[in-house]
Amino acid sequence: MCTRVQVMHEPAFRDVIRHKSAQQVTYGCCNGWTRESPNADACLKPVCSTSCYNGGVCSAPDTCSCPTGFTGRYCEQDINECNDKKPCDQMCVNTMGSYYCKCREGFLLQEDQQSCKKIGSHDDDAFEARDMENEIESQEDVTARLQKIEKMLANEKVHTHDLEKTLQNTYKMVDILKSRLINLEKQQFDINRLQTNLYNTETRTLKLEGMVNLLMKCRNGPNTHCP
């Protein structure tokens, strides 16, 4: 007897899903620019190959926006305000990103932190103390100092004009207060006169009441109540 395995074939069906290839569009950034985030479409963030120094901010490809007191492509250079602007009347000390002014012996640094006034001087010679006793190095220094004096004189004129205007307004206010005081005094006078008239009227009324009462008592002829 023979034993065998018989293979039975049955028809079968299989579903086939065909996937279409999707097209993905990607955008590239120009040199020096990048995306602010991976999901951003626009390239709005500039790229600086070297980090900005001294608090500078990358504002364009390989270009930094520098804070006050610094310059250079990456804000790596300190501006020497003492040489460029000559802001001080006498001595100027440059620092990183800034500066400060000093006065020679016998002078006092003013509130603007730039001008120097001779100790014990009057306001009339303040300009001389601040500007005329400095060492003049060139014609440009002379021109710069003259321009500064003109500016200070203009500011003094503006300040004087403001004081005159304030004084005029004060005078006007005083006149208004005087007028109001006169009106109040007049009103007080009228009140006093009314009070006097009222007192006189009350006195006359009391006298009339007394006379009326006396007449009422005497209308029936003389009696004990009527003299």
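Is the disulfide of Cys 88 and Cys 101 left-handed or right-handed, and what is the torsion about its S-S bond? In this predicted model, the torsion is about -75 degrees, so the disulfide is left-handed. The sulfur atoms of Cys 88 and Cys 101 are 1.8 Å apart. Cys 88 lies in the loop between α1 (81-84) and β7 (91-95). Cys 101 lies in strand β8, residues 98-102. The pair therefore ties together parts that are 13 residues apart in sequence. Both cysteines, Cys 88 and Cys 101, are buried.

This link is one of several. A disulfide is a covalent bond between the sulfur atoms of two cysteines. A search of the whole structure finds 7 disulfides. Two others are described next.

Cys 48 is joined to Cys 58 by a disulfide, with an S to S distance of 2.1 Å. The link of Cys 48 and Cys 58 is right-handed, with 90 degrees about the S-S bond. Cys 48 sits in the loop between β2 (45-46) and β3 (57-60), and Cys 58 sits in strand β3. The bond thus ties together parts that are 10 residues apart in sequence. Cys 48 has a relative accessible area of 18%. Buried means under 20%, so Cys 48 is buried. Cys 58 counts as partly exposed, at 23% relative accessibility.

A disulfide also joins Cys 66 to Cys 75, again with 2.1 Å from S to S. The torsion about the S-S bond of Cys 66 and Cys 75 is about -95 degrees, so this disulfide is left-handed. Cys 66 is partly exposed, with a relative accessible area of 29%. Cys 75 is buried, and its relative accessible area is 0%.

The UniProt record, an unreviewed entry, lists residues 44-76 as "domain: EGF-like". The end C-alpha atoms of residues 44-76 lie 25 Å apart. The span is 33% strand and 0% helix.

Which cysteine sulfur is nearest to that of Cys 30, and how far away is it? The nearest is that of Cys 43, at 7.0 Å. A disulfide needs two cysteine sulfur atoms within 2.5 Å, and Cys 30 is in no disulfide. Cys 30 has 59% relative accessibility, so Cys 30 counts as exposed.

Terms used
Residues numbered from 1 in each chain as written. Predicted model: local features only at pLDDT ≥ 70, side-chain atom pairs only at ≥ 80, totals over all residues. Heavy atoms only, no water. UniProt positions renumbered as here; feature names shortened; annotations may be inferred. Helix = DSSP H or I, 4+ residues; strand = E, 2+ residues; numbered from the N terminus. Buried < 20%, exposed > 50% of the residue type's maximum accessible area, 1.4 Å probe, protein only.
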